Amino acid sequence: MRTVGDLVKVRAFYSVTSDESVYDAVQRMAEKDIGAVPVLQASRLVGVFSERDIMKRVVDEGRDVSSTLIRDVMTAEVIVADATEEVEKVLKKMQKNRCRHMPVVSGDRVIGFLSLRDLLFADLEEKDAQVQPLNTYVHYSPGNPSNT
């Protein structure tokens, strides 16, 4: 079983600081084609800023994106995944807490950031790897030259 630490160790993640403007954060998110980012202050996780925050706390409230700071609209209560947790466990954690993005931590340090899509693809790859030997076993026919 793969851990979420295995998934994030080979990929970069992007973050913002709590004193950045919503405009600057959205520009970077659009440039990188990502829907959420961890919010760090002095390398410490203080929140998550997502498309949902933009819609509910910026657009819906009529805030100015240039003058509104991330700290005023981010989600401050963050559920995290420990790097040692298995993909399936983190998927269940996301489902239970109704979140689509999750920081991955090792100790008190953020080492990555995963989306629900990232975890679903990883889970699918894992399930496919489990099914392949079963498929071969079921379709094996002794004496059939195509088995080699």
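Contact here means heavy atoms within 4.5 Å. This is a predicted model, where local features need pLDDT of at least 70, side-chain atom pairs count only at pLDDT 80 or more, and totals for chains, interfaces and linings use all residues. Residues are numbered from 1 along each chain as its sequence is written, and side-chain values use heavy atoms, leaving out hydrogens and water. Helices (H or I, at least four residues) and strands (E, at least two) are DSSP runs, numbered from the N terminus.

**Helix H2**
- Val-22, Ala-25 and Met-29 of H2 (residues 22-32) are buried (under 20% relative accessible area with a 1.4 Å probe, protein chains only; exposed is over 50%).
- Down the H2 axis, the buried residues fall within an arc of 65 degrees, so they line one face; the arc is taken from the directions from the axis to the C-beta atoms.
- Turned away from that buried side are Ala-30 and Glu-31, both exposed.
- The buried residues of H2 pack against strands E1 (16-17), E2 (36-41) and E3 (44-50), plus helices H3 (51-59) and H4 (70-73).
- After H2 comes Asp-33, with a positive phi near 60 degrees.

**Largest pocket**
- Its volume is about 400 Å³.
- It has 18 lining residues, with Ile-34, Gly-35, Ala-36, His-101 and Ser-115 closest to the centre.
- E2, strand E6 (109-115) and helix H6 (116-138) each give two or more residues to this lining.- A pocket is an open set of points on a 1 Å grid over the protein atoms alone, where a 1.4 Å probe fits, with protein on both sides within 12 Å along at least five of seven lines; lining residues have an atom within 4 Å of a point.

Key: Points joined across faces, edges and corners; volume = space filled by probe spheres on them.
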